[in-house]
Amino acid sequence: LTLATSSALLAGVGHFLPLARSVSLTALGLMALSWPLVVWGGIQGALILAALTAVSVSGSALLHVFRYQQASPRFSQEGIDAGAMITRHLLASTPGAFALILQGGVGWLCTIYLVQRGQGIEALAVLAIATQWLTVMLMPVTSWSGMVIHEIIRSHTEGGQRVVWAVILRLVRRNLTVTVGVVSCITFSAVWIEKLYGLSDQGLSMLIWWSAAPALIGSIFMIFERLYVCLQEQHTWLICSAAGLMVQLG
């Protein structure tokens with residue numbers, strides 16, 4: 001919650017690059033710690049690493065918020081009802097929250113419960129690894145999601161509808177270009193990745209190849225999700241999500 005709130009605040013004022021730089025350096029440090037912590041500490045070491053990740057990354061984001069606040073000039077708060085403004089934004093974001101809850105529930109049912117029940121714990125492990133690589137495929141476009149919202153809002157306030165769609169198309173091209181590059185590297189290495197995990201002939205490489213399609217589609221839909229948020233039409237996105245989740249359930 002701290003990381004999400006801090007990232008949103010910094011993205012809203014266009015101060016996302018220092019945060020991204022700090023989070024990247026923190027992640028590199030944690031990656032260097034991951035091997036010795038897990039090898040020497042086992043499952044306890046992995047839990048310690050998870051705790052360090054949560055605290056250090058969110059703490060870094062919070063530190064950037066405090067630094068920005070101290071460096072920024074003080075603004076008059078006259079005429080601003082902060083409570084009413086927060087309540088209004090919370091109510092506006094309720095459909096988006098419901099969409100996330102639905103996605104989490106359907107994701108658990110389809111990719112954990114049904115897989116474990118139908119094919120066993122081994123298949124669940126293979127699918128979990130493939131899902132992690134899908135997350136890596138989408139990591140670049142996910143990391144600059146705050147910048148996407150900032151650009152959409154700026155285009156909406158500074159220009160007309162034509163300007164907004166020009167920005168949307170530019171963002172789609174950028175997301176697709178970067179995702180194609182990352183997906184190509186991972187899919188070409190899928191067989192080697194499968195051997196690295198010791199899961200030859202378990203279908204991991206095939207799952208990684210299949211993951212290329214949702215990665216490319218997700219890099220596009222991610223922009224439209226942010227667009228609905230900026231237009232305060234999250235109920236439309238909730239309907240779209242529910243329809244897609246019904247297909248997934250089927």
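Visitor: At what angle do the axes of helix 9 and helix 10 cross?

Guide: This is a predicted model, in which local features need pLDDT of at least 70 and side-chain atom pairs count only at pLDDT 80 or more, while totals for chains, interfaces and linings use all residues. Residues are numbered from 1 along each chain as its sequence is written, and side-chain values use heavy atoms, with hydrogens and water left out. Helices are DSSP runs of H or I with at least four residues, strands are runs of E with at least two, and both are numbered from the N terminus; axes are lines fitted to C-alpha atoms, for helices over the stretch in contact, with angles from 0 to 180 degrees between N-to-C directions. The axes of helix 9 and helix 10 (residues 234–249) come within 7 Å, and they cross at roughly 145°.

Visitor: Which residues in helix 10 meet helix 9?

Guide: Contact means heavy atoms within 4.5 Å. By class, this contact has five nonpolar, two polar and one charged residues, where Ala, Val, Leu, Ile, Met, Phe, Trp, Tyr, Cys and Pro count as nonpolar, Asp, Glu, Lys and Arg as charged, and the others, Gly among them, as polar. Helix 9 brings Phe221, Phe224, Glu225, Tyr228 and Val229, and these meet, in helix 10, Gln234, Thr236 and Trp237.

Visitor: What is the hand of the crossing in which helix 4 passes helix 9?

Guide: Helix 4 (residues 94–137) and helix 9 (residues 204–230) pack at an angle of about 40°, and their axes are 9 Å apart. A crossing is left-handed if the near helix is turned anticlockwise from the far one by less than a right angle, and right-handed if clockwise. Where helix 4 passes helix 9, the crossing is right-handed.

Visitor: How many residues of the contact of helix 4 with helix 9 are nonpolar, polar and charged?

Guide: Helix 4 contributes Val126, Leu127, Ile129, Ala130, Trp133, Leu134 and Met137. From helix 9 come Leu204, Leu207, Ile208, Ser211, Ala212, Pro214 and Ala215. By class, the residues of this contact are 13 nonpolar, one polar and no charged.

Visitor: Which residues touch the most other members of the largest nonpolar core?

Guide: A nonpolar core is a set of buried Ala, Val, Leu, Ile, Met, Phe, Trp, Tyr and Cys residues joined through side-chain atoms within 4.5 Å. Buried means under 20% relative accessible area, exposed over 50%, and partly exposed in between, with a 1.4 Å probe and protein chains only. Of the 29 residues in the largest core, those that touch the most other members are Met137, Ile152, Ile168, Leu171, Leu204 and Ile208.

Visitor: Which elements give two or more residues to this core?

Guide: In soluble globular proteins, nonpolar side chains tend to be buried together. The elements that give two or more residues here are helix 4, helix 6 (145–158), helix 7 (161–188), helix 8 (190–196) and helix 9.

Visitor: Why does isoleucine 208 count as buried?

Guide: Isoleucine 208 lies in helix 9. Leaving aside neighbours within four places in sequence, isoleucine 208 is in contact with Trp133, Met137, Ile186, Thr187, Ala190 and Ile193. Isoleucine 208 counts as buried because its relative accessibility is 0%.

Visitor: Is serine 205 buried or exposed?

Guide: Serine 205 is also placed in helix 9. Not counting residues up to four places away in sequence, serine 205 touches Ala190, Val191 and Glu194. Its relative accessibility is 9%, so serine 205 counts as buried.

Visitor: What is the phi of aspartate 201?

Guide: Aspartate 201 is in the loop between helix 8 and helix 9. At 78% relative accessibility, aspartate 201 counts as exposed. Its phi is a positive value in a residue other than glycine, near 65°.

Visitor: How many helices and strands does the protein have?

Guide: From the N terminus on, the elements run α-α-α-α-α-α-α-α-α-α. The protein therefore has, by DSSP runs, the following count. There are 10 helices and zero strands.
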